[in-house]
Amino acid sequence: MITTDLQYVIKQLTRGEIVAIPTETVYGLAGNALHEVAIKKIYALKNRPLTHPLILHIAPDADLSSWVSYISKEAQTLMDAFWPGPLTLVFPCKPGCLPSLVNAGQNTVAIRAPHHPVTTPLLQQLDFPLVAPSANLFGKISPTTAEHVTHGLKDPSLLVLDGGRCPIGIESTIIDVSQPTGYQILRHGIIDEEALNTLLPNRLLQTANSVRVPGKLPVHYQPEKPLHCFSSSESMQVFCKQNPQAYILSFQKKTQFANYAGVELICDPQALAYALYYELRRADESNAPLIVLELPPDTIAWAGIRDRLKKAGSWH
Ligand code: TXA
Ligand code: MG
């Protein structure tokens with residue numbers, strides 16, 4: 001059921017029910033982070049393995065010292081610059097302060113303060129933090145509208161708080177700030193490496209990280225239909241000639257692929273992040289048997305989108 005009744009949502013969350021909520025990145029499947037039964041419902045509905053930890057969602061003015069045992073200088077700088085916003089920080093966790101289901105028994109906890117006209121006030125009115133993984137089945141595309149949540153999770157009784165279409169469109173950037181020596185990027189997003197480096201020059205650690213993040217899985221973010229991604233426009237044209245029923249997502253749709261179903265993409269990272277999951281879902285809903293997508297350039301600004309496409313389809 002889709003609703004805009006914030007007070008009803010607060011009542012349900014307080015009772016330990018789960019509710020899908022909008023954020024600036026994607027919709028999340030939210031529950032009381034201190035309520036084990038609520039957390040178990042989230043894992044079950046998403047069909048998510050218990051080994052994948054959840055992000056704690058807090059109000060921008062919340063006191064981190066309840067959950068976090070150490071805030072590095074880097075962490076403070078990043079929070080000052082980007083919170084509330086599409087940035088998740090991984091901190092050392094205060095032992096015993098959260099159910100171990102939240103962080104899958106690790107000694108860190110991922111936290112973010114969303115910036116959204118509906119959800120920021122929601123978090124400010126709750127007296128507990130929320131956990132909120134993306135509101136999709138495990139491995140599938142994250143939803144960016146209330147209807148996409150309902151369509152993807154196929155649970156008619158699930159309450160979805162409608163906050164319109166998510167303005168960013170891909171999941172938050174995740175940064176590990178649990179070490180005093182510097183920071184690591186665990187998941188790329190719309191806040192990119194260049195923005196981080198400008199703020200924190202020479203503090204990016206390059207060593208391999210052993211924590212579990214979605215980008216480390218071989219497949220993720222997958223549409224229902226086969227997705228073929230091309231970096232060369234010539235080979236994309238040859239492939240499409242052999243597959244005239246393909247649904248095209250290309251920066252040159254109007255000029256090179258005018259006879260195919262599909263849409264023209266805008267060659268700008270923010271514009272493509274906004275369009276990506278939304279348009280992949282439209283492609284899934286079309287009659288086309290397969291989707292063909294033109295890859296954006298291999299530069300820092302596109303890392304968030306390219307990382308997701310690496311897991312979402314086959315690259316040619
Ligand atoms: O934009 C977002 O971050 C969205 C919206 C709803 O807030 N949420 C989201 O959650 O993408 P999820 O669960 O789909 O992806 C978060 C990932 C988890 O898969 C997990 O691998 C990683 O964050 N994560 C969570 N806790 C962690 C921790 N303590 N250490 C390392 N990674 C962690
Ligand atoms: Mg997810």
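Biologist: Hi! Which side chain does Glu-171 contact at 2.5 Å?
Modeller: That is Ser-142: the two side chains make a polar contact at 2.5 Å. Bear in mind that this is a predicted model.

Biologist: And which residue's side chain is joined to Glu-171 by the 2.8 Å polar contact?
Modeller: Tyr-277, again side chain to side chain.

Biologist: Is Glu-171 buried or exposed?
Modeller: Glu-171 has a relative accessible area of 4%, which is under the 20% cut-off, so this residue counts as buried.

Biologist: Where in the fold does Glu-171 sit?
Modeller: In the loop between strand S8 (159-161) and strand S9 (173-176). Leaving out residues up to four places away in sequence, Glu-171 touches several others, including Thr-25, Arg-187, Tyr-221 and Arg-308.

Biologist: New topic, the open sheet of 5 strands. What is its order?
Modeller: S13-S12-S14-S11-S15, with parallel pairing. S13 (261-264) and S15 (314-315) are the edge strands, each pairing on one side only.

Biologist: How many bridges join S12 to S13?
Modeller: 4 bridges, with the two strands running parallel. Leu-249 stands opposite Val-263 in S13.

Biologist: Which strands does helix H8 lie across?
Modeller: H8 (residues 233-242) lies across S11, S12 and S14, at about 165° to S14.

Notes
Residues are numbered from 1 along each chain as its sequence is written. Chains are lettered from A and ligands numbered from 1 in the order in which they are written. This is a predicted model: local features need pLDDT of at least 70, side-chain atom pairs count only at pLDDT 80 or more; totals for chains, interfaces and linings use all residues. Side-chain values use heavy atoms; hydrogens and water are left out. Two strands pair if DSSP finds at least two bridges between them. Contact means heavy atoms within 4.5 Å. Axes are lines fitted to C-alpha atoms, for helices over the stretch in contact, and angles run from 0 to 180 degrees between N-to-C directions. Buried means under 20% relative accessible area, exposed over 50%, partly exposed in between (1.4 Å probe, protein chains only). A polar contact is a pair of N or O atoms within 3.5 Å; within protein, one must be able to donate a hydrogen and the other to accept it, and residues adjacent in sequence count only if both atoms are side-chain atoms.
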